[in-house]
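Trainee: I would like to learn how to read the features of a structure like this one. Could you walk me through some of them?

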Amino acid sequence: MVIFFSIFFMKKFIFITGAGRCGTNLMLSLMDGNNKLNIIPGEATNLIMDSLSRNGFSDKVYYINLNFFLNILFQELGNNYFPNFKPKKKIIKKKMDKIYKKNFFLPLNKILSIIVEILFKNNNPTVINLQNENVIGLLRFFPESKVVHMLRNPLTQINARYLFRYRYPNNYDGIEFCSSFYRNYNSFKNAFLTKNDKRVLIVKMEDLTEKTKIEMLKVFRFLNTKLKPVNLETTLYGKKISPKSNFMVQKKIKKVSTDYSCLTPNDLYVISRIRYVRNYYSIRKFSEKQNNFILFYLRHLGFVGKNRLKSFNILRLIKCSIYSIYLYFLDNYHK
């Protein structure tokens, strides 16, 4: 019964993937507005990975984990003002409960298909931005899907990741930055291993911002869908993005920054050692440098790198100092 449902109700999905700060939101907002595509707004970040880890690394979703899975998606939809979301949320939950009475588990693709069936009353492909780099896993669990995988020069991408987390002095902790080294490796590795897969399209963020029309023509040819004028500017539900919207996307298409001033010599060395990068970018080889706590600490205080803010509040400096010790060892561990 479960297998029959999975095949019969399987919807077409287009996933946008990437290691973060590499243009996944930008790509989603450019694809938005096309009436041949259904767009799930926002980032269903780690939706697939969270489901796998809670369900024994299987594509089967057990009822005990259903609410957790739905809440990830519902939070994004609710935060980004999905039209008529509240009543549809109740319908989704009610239908899930009804189906689970007859099934011990449901495949992941079946869960998403039910949600899409209720949210959109058509058979258009549905676009989901996962901001996750595991392309191979997606193709395994969604073999009929297509993936637009975003890449960015790892020097500027990881620098942007640092600023995203630590530009403001009230941010002390978090593993987003130190984990970005592995995520970049994994992103480029997945790109390399799927480069000949017809279900995958690799797009560089730099090309997308500098040659938007050319790149979007490639994207829509890949999707077998006609490019429309609306797909050459960033929109949400086909409308220009309001400054009051909390939809995380660039308001304008602008050239990617070339700054990597927030990176330490050790960061640069580690990045230059990431395999597969040179299949897509020409970056120089940096000499080997050990991590230096003093430099790491000064950077955390805001004295290293462009576009940094500093704080001279004593309590905040104490907290920042404590977290610097923790993050320093965490950084060494992840690298």
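Mentor: Gladly! Let us start with Tyr-237, which is partly exposed because its relative accessible area is 31%. Buried means under 20% relative accessible area, exposed over 50%, and partly exposed in between (1.4 Å probe, protein chains only). Before going on, note that this is a predicted model, where local features need pLDDT of at least 70, side-chain atom pairs count only at pLDDT 80 or more, and totals for chains, interfaces and linings use all residues. Residues are numbered from 1 along each chain as its sequence is written, and side-chain values use heavy atoms, with hydrogens and water left out.

Trainee: Where does Tyr-237 lie?

Mentor: Tyr-237 is in the loop between strand E8 (235–236) and strand E9 (239–240). Helices (H or I, at least four residues) and strands (E, at least two) are DSSP runs, numbered from the N terminus. The phi of Tyr-237 is near 60°, a positive value in a residue other than glycine. Tyr-276 also has a positive phi, near 75°. Its place is in the loop between helix H12 (265–272) and H13, and Tyr-276 counts as buried because its relative accessibility is 16%.

Trainee: How many aromatic pairs does the structure hold?

Mentor: Rings of Phe, Tyr and Trp (its six-membered ring) pair if their centres lie within 6.5 Å; planes under 30 degrees apart count as stacked, over 60 as edge-to-face and the rest as tilted. The structure holds 21 such pairs. Take Tyr-162 and Tyr-166: their ring centres are 5.1 Å apart and their planes are at 50°, so the pair is tilted. These two are four residues apart in helix H8 (residues 154–166), so about one helical turn separates them. Tyr-162 is buried at 2% relative accessibility, and Tyr-166 is buried at 5%.

Trainee: Which parts of the chain does the pair of Tyr-172 and Tyr-323 link?

Mentor: Tyr-172 and Tyr-323 form a stacked pair, 6.0 Å centre to centre with 5° between the planes. The pair links distant parts of the chain, 151 residues apart: Tyr-172 is in the loop between H8 and helix H9 (176–193), while Tyr-323 is in helix H14 (residues 314–334). Tyr-172 is buried, at 15% relative accessibility, whereas Tyr-323 is partly exposed, at 31%. There is also one aromatic cluster, formed by Phe-293, Phe-296, Tyr-297, Tyr-328 and Phe-329.

Trainee: What about a charge over a ring?

Mentor: A charge sits over a ring if NZ of Lys or CZ of Arg is within 6 Å of the ring centre and within 35 degrees of the ring normal. Here the charged end of Lys-146 sits over the ring of Phe-222, 5.1 Å from the centre. Lys-204 lies over the face of Tyr-281, at 4.7 Å from the ring centre.

Trainee: And how should I read charge pairs? How many salt bridges are there?

Mentor: Side chains of opposite charge can pair when their charged atoms come close. A salt bridge is a side-chain nitrogen of Lys or Arg within 4 Å of a carboxyl oxygen of Asp or Glu, and by this rule the count is 11. In one of them, the side chains of Lys-93 and Asp-97 meet at 3.1 Å, N to O. Those two are four residues apart in helix H5 (residues 85–100), so they are separated by about one helical turn. Lys-93 is partly exposed at 23% relative accessibility, and Asp-97 is partly exposed with a relative accessible area of 23%.

Trainee: Is Asp-331 buried or exposed?

Mentor: Asp-331 counts as buried because its relative accessibility is 1%. Its side chain meets that of Lys-335 in a salt bridge (2.8 Å, N to O), and Lys-335 is partly exposed, at 30%. Salt bridges that share partners join Asp-267, Arg-299, Asp-331 and Lys-335 into one network.

Trainee: Which backbone oxygen does the side chain of Thr-194 reach?

Mentor: A polar contact is a pair of N or O atoms within 3.5 Å; within protein, one must be able to donate a hydrogen and the other to accept it, and residues adjacent in sequence count only if both atoms are side-chain atoms. The side chain of Thr-194 reaches the backbone oxygen of Asn-190 at 2.7 Å. Thr-194 is found in the loop between H9 and strand E7 (200–204), and Thr-194 is buried, at 5% relative accessibility.
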